[in-house]
Amino acid sequence: MRFLKKIDIWTPNETEADFNGSPRRGERAPGPRRPPLKKKGVGTVIITRGPRGAFVSGPGVEGPAPGFKVRAVDTTAAGDVFNGALAVALTEGRALMEAVRFANAAAAISVTRWGAQPSAPKRPEIESLLSRA
């Protein structure tokens with residue numbers, strides 16, 4: 001498990017986090033205590049939670065990042081869109097929680113469309129959703 005200390009950011013969804021020792025789906029996930037992956041040495045853990053947003057545990061940051069209420073039709077690319085948008089926001093120098101909010105918005109838009117590549121939103125769409133929230 002020494003490799004876990006080499007991971008800067010891990011973004012499992014709730015099911016993937018469950019396989020790695022996080023609370024079961026029926027429990028308040030993960031609540032005020034730190035996700036087990038974080039305790040094992042991962043720098044930052046962001047557990048994506050669909051319409052409920054994400055739970056973030058990183059250096060100096062711990063807590064929920066709210067999601068966006070949308071009518072989901074296909075979740076095929078939601079995780080990939082989330083991670084891509086997160087990478088963009090962090091590369092631009094946004095703070096972690098702001099970057100997660102940006103990624104949540106991008107993923108929320110993506111689930112309103114069918115398919116993987118066609119569901120990826122453009123920046124103006126993400127910014128528009130953020131401005132309305």
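Analyst: Start with Thr48. Leaving out residues up to four places away in sequence, Thr48 touches Pro12, Asn13, Glu14, Gly53, Ala54 and Phe82. Touching, or contact, means heavy atoms within 4.5 Å. This is a predicted model: local features need pLDDT of at least 70, side-chain atom pairs count only at pLDDT 80 or more, and totals for chains, interfaces and linings use all residues. Residues are numbered from 1 along each chain as its sequence is written, and side-chain values use heavy atoms, with hydrogens and water left out.

User: Is Thr48 buried or exposed?
Analyst: Thr48 is buried, because its relative accessible area is 19%. Buried means under 20%, exposed over 50%, and partly exposed in between, with a 1.4 Å probe and protein chains only.

User: Which strand is Thr48 in?
Analyst: Strand E2. Strands (E, at least two residues) and helices (H or I, at least four) are DSSP runs, numbered from the N terminus. Val45 is buried, with a relative accessible area of 0%.

User: What is the C-alpha separation of Val45 and Ile9?
Analyst: 5.8 Å, though they are 36 residues apart along the chain.

User: New topic. Which residues touch the most others in the largest nonpolar core?
Analyst: Ile46, Phe82, Leu86, Val100 and Ile126, out of 24 residues in that core. A nonpolar core is a set of buried Ala, Val, Leu, Ile, Met, Phe, Trp, Tyr and Cys residues joined through side-chain atoms within 4.5 Å.

User: Which elements give two or more residues to it?
Analyst: Strand E3 (54–58) and helices H3 (78–91), H4 (96–110) and H5 (123–132). H4 gives the largest share, ten residues.

User: How many residues of H4 are buried?
Analyst: Twelve of its 15. They include Leu96, Phe102 and Ile109. The buried residues of H4 pack against E2, E3, E4, H3 and H5.

User: What span should H4 have?
Analyst: 21 Å, because H4 has 15 residues at 1.5 Å a residue. The rule is 1.5 Å times one less than the number of residues. The end C-alpha atoms of H4 are 21 Å apart, which agrees.

User: And how do E3 and E4 pair?
Analyst: In the antiparallel sense, over five bridges. Two strands pair if DSSP finds at least two bridges between them. Ser57 stands opposite Glu62 in E4.

User: Which residue takes a positive phi in that hairpin?
Analyst: Gly60, near 75°. The hairpin has two residues between the strands.
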